[in-house]
Amino acid sequence: GFSTFLNPAGLARATQWRLDAGGAMLRHDEERYSPLYDSFDSFVVEKSIASNQHTWLETGFALGGRLDLGDVPLGLGLSLADRMPFGYEFTEEVRDPDVFSTPRDNILEERSYEVDGTVRALSLGLASEYDRVSVGASVHYNFGDRSESWLVRDNLTTDGDRSFDASSEWS
C-alpha cells in the first residue's frame, strides 16, 4: 500500500488486497537560556527564558493489491499521506532582569510565532514484474497549505492599558 508513495515497484509483489493505516507523532522540545545575575552583578545561574514543548500527529492510509489480467501481474496502489508537515510553535516571555523592580520578575513582553499546515500527497501507482525485476511508477498530487502567525505583546507601554499587540499572519 504505502509502496505507492515510497517505492511503487514494491506493488508488483502484492499477493492480495490490503488496507494500511499509519501515524507518526512528532515531538518538539526547545529550551532557551539567559544568564541570571544577582544585585552585585555576579553570575548566578543560566535561567530558562523559554520552554516550548509541542506535539503533532501525522496520519496516512494506503490501499494496495494485485490485479489479475492474464499473464501480466499488475500491482495497483492508492495512498494519502502527509508529505510536508509545517507544525512549529514558539512562545517566549521577556521578564524584567532588575532585581530591585517591583513587582519582581515582571513580564515585559510576550512573543509567539506559529507555523501551521500540511502538504498531503494523494498517490496512484502501478507496477509489474518481469523475470524477477519489478518495475513501477506512480503519480502524486500534492495539496495543502501553510500559514504563519506572529504576535508581540508589549506590556510596558505608557498608554492607558499598558500593552499593545503587534501581529502578522500570512498563508
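1. Of the 171 residues of the protein, 27% count as buried, where buried means under 20% relative accessible area, exposed means over 50%, and partly exposed lies in between (1.4 Å probe, protein chains only). The accessible surface of the protein comes to about 11300 Å², and carbon and sulfur atoms hold 54% of that area. Accessible areas come from the Shrake-Rupley method with a 1.4 Å probe, and for residues only the protein chains shown count as cover.

2. On the basis of the model: it is a predicted one, in which local features need pLDDT of at least 70 and side-chain atom pairs count only at pLDDT 80 or more, whereas totals for chains, interfaces and linings use all residues. Residues are numbered from 1 along each chain as its sequence is written, and side-chain values use heavy atoms, with hydrogens and water left out.

3. On confidence: pLDDT is the predictor's confidence in each residue, from 0 to 100. The protein has a mean pLDDT of 81, and 89% of its residues reach 70 or more. Confidence is highest in strand β7 (residues 133-144), at a mean of 93, and lowest in strand β9 (residues 164-170), at 59. Where pLDDT is low, the predicted coordinates should not be read in detail.

4. On the fold: the protein contains 1 helix and 9 strands, arranged along the sequence in the pattern α-β-β-β-β-β-β-β-β-β. Helices (H or I, at least four residues) and strands (E, at least two) are DSSP runs, numbered from the N terminus. Among the contacts with a separation of 6 or more, 62% join residues 24 or more positions apart; contact means heavy atoms within 4.5 Å.

5. Which residues make up the nonpolar patch on the surface? Trp17, Leu19, Phe61, Leu63, Leu78, Leu122, Leu124, Val139, Tyr141 and Phe143 form it, with about 940 Å² of accessible area together. Patches are made of residues with over 30% relative accessible area and no salt bridge; like charges are joined within 9 Å, and nonpolar side chains (Val, Leu, Ile, Met, Phe, Trp, Tyr) within 5 Å. At least two residues each are supplied by β2 (43-69), β6 and β7, and β7 gives the most, with 3 residues. Tyr141, one of the patch residues, is placed in strand β7 and is exposed because its relative accessible area is 53%.

6. Phi of Asp131 is near 50°, a positive value in a residue other than glycine. Arg132, also not a glycine, has a positive phi of about 65°. Asp131 counts as exposed because its relative accessibility is 77%, and Arg132 counts as exposed at 77% as well.

7. Is Asp82 buried or exposed? Asp82 lies in strand β3 (residues 72-85) and counts as buried, since its relative accessibility is 12%. A polar atom of the Asp82 side chain lies 3.3 Å from the backbone nitrogen of Thr59. Leaving aside neighbours within four places in sequence, Asp82 is in contact with Phe5, Leu57, Glu58, Thr59, Thr118, Val119 and Arg120.

8. On charged pairs: side chains of opposite charge can pair when their charged atoms come close. A salt bridge is a side-chain nitrogen of Lys or Arg within 4 Å of a carboxyl oxygen of Asp or Glu, and by this rule the count comes to 7. One of them joins the side chains of Asp29 and Arg27 (3.6 Å, N to O). Asp29 is partly exposed, with a relative accessible area of 49%, and Arg27 is partly exposed, also with 49%.

9. On two further salt bridges: Arg111 pairs with Glu109, the closest N and O atoms being 2.5 Å apart. Arg111 is partly exposed, at 34% relative accessible area, whereas Glu109 counts as buried at 18%. Arg146 forms a salt bridge with Glu148, with the closest N and O atoms 2.5 Å apart. Arg146 counts as partly exposed at 36% relative accessibility, whereas Glu148 counts as buried at 10%. Salt bridges that share partners join Glu92, Glu109 and Arg111 into one network.

Methods
Polar contact = N/O pair within 3.5 Å; in protein donor to acceptor, adjacent residues only side chain to side chain.
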